[in-house]
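Colleague: Before we go through this model, could you take me through its features one by one, giving the general idea before the particular case?

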Amino acid sequence: MAYEMPHRPPPDAVDAGAAGSQYRRVADQLRLDIVEGLWRPDTRLKVRDLAAHYGVSPAPIRESLQQLQGEGLVVMVPNRGARVRAIDEQAIINIFDVREALESFLTAKFAENASTHQIAVLEGLQAEHDAAVEQNDFPAAFALNARFHRLINSAARNPEALNVIDRHLSLTRALRLEYGFTPTRMRTIQREHHLLLDAIRRGDTAAAHRISALHVRSSRDDLVDRLRTPSKPR
């Protein structure tokens, strides 16, 4: 079933800035609006209507739709335009399967080659993450978790793998912000990070690969569970 496009004032966040940053802001807002249900599954996304809604020219809208197609949120059909794709459980599982394969590989590479300085930086990030979790500062812990994994994933200098991971992370992080965390989940992340750090300090590539894979799988299972039961306290 198709849905009519809703109307609401355009967000201030997409009004100004250079073309590149404007496109990213539009993509971020459009992604969030899809996740929150403003644009319902099977809604036709017309460039002209979206440009008017977000208060921008058609160019950043077209770029944003291309990006969201790559993330699996939008389906683009030649001569028919773009539509919102339903975010179902299987799509989320597929995304995490890709992340598990790539991130466990990059984490093993990090454990094999990490310098003393890189490990020290990672330990510093984890110390900040520990403090945020203990203070129940979940937004800060969420941001620090992203920095922790970004350091690991980028160290292998494999931009192709990193681009794939980043594309999928945009969606899963938007879903995570929408559905939230429990204190139990945050402490599970904390514990798994410390297990991973121990393997990296030892240079144990097999353990780093295994723990990283389990870490991604743990995140997948928690998010799928929250999608099934969205009324859980956050």
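Colleague: At what angle do the axes of helix H4 and helix H7 cross, and within what distance do they come?

Modeller: Bear in mind throughout that this is a predicted model. Two packed helices are described by the angle between their axes and the distance between the axes. Here the axes of H4 (residues 89-113) and H7 (residues 159-179) come within 10 Å, and they cross at roughly 135°. H4 and H7 are therefore oblique to each other, and the crossing in which H4 passes H7 is left-handed.

Colleague: How many helices and strands are there in the protein, and in what order do the elements run?

Modeller: The protein has nine helices and three strands, and from the N terminus on the order is α-β-α-α-β-β-α-α-α-α-α-α. Of its 234 residues, 44% count as buried.

Colleague: Which residues of H3 are buried, and where do they lie around the axis of the helix?

Modeller: An α-helix has 3.6 residues a turn, so residues three or four places apart point the same way. In H3 the buried residues are Pro60, Ile61, Ser64, Leu65, Leu68 and Glu71. They cover an arc of only 140° around the axis, which puts them on the same side of H3. After H3 comes Gly72, which has a positive phi, near 90°.

Colleague: How many aromatic pairs does the structure hold, and what is the geometry between Trp39 and Tyr54?

Modeller: A pair of aromatic rings is described by the distance of the centres and the angle of the planes. The structure holds one such pair: Trp39 and Tyr54 are arranged edge-to-face, at 6.4 Å centre to centre and with 75° between the planes. Because Trp39 lies in the loop between helix H1 (19-36) and strand S1 (44-45), while Tyr54 belongs to helix H2 (residues 47-54), the pair ties together parts that are 15 residues apart in sequence. Both Trp39 and Tyr54 are buried.

Colleague: Where does Gly180 lie, and is Gly180 buried or exposed?

Modeller: Gly180 is found in the loop between H7 and helix H8 (183-202), and with a relative accessible area of 8% this glycine is buried. Its C-alpha atom is separated by 8.3 Å from that of Arg226, although Gly180 and Arg226 are 46 residues apart along the chain.

Notes:
Residues numbered from 1 in each chain as written. Predicted model: local features only at pLDDT ≥ 70, side-chain atom pairs only at ≥ 80, totals over all residues. Heavy atoms only, no water. Buried < 20%, exposed > 50% of the residue type's maximum accessible area, 1.4 Å probe, protein only. Helix = DSSP H or I, 4+ residues; strand = E, 2+ residues; numbered from the N terminus. Arc of directions from axis to C-beta. Phe/Tyr/Trp six-rings, centres within 6.5 Å; stacked < 30°, edge-to-face > 60°. Axes fitted to C-alpha atoms, helices over the stretch in contact; angles between N-to-C directions. Parallel < 35°, antiparallel > 145°, perpendicular 65-115°, else oblique. Left-handed = near helix turned anticlockwise from the far one by under 90°.
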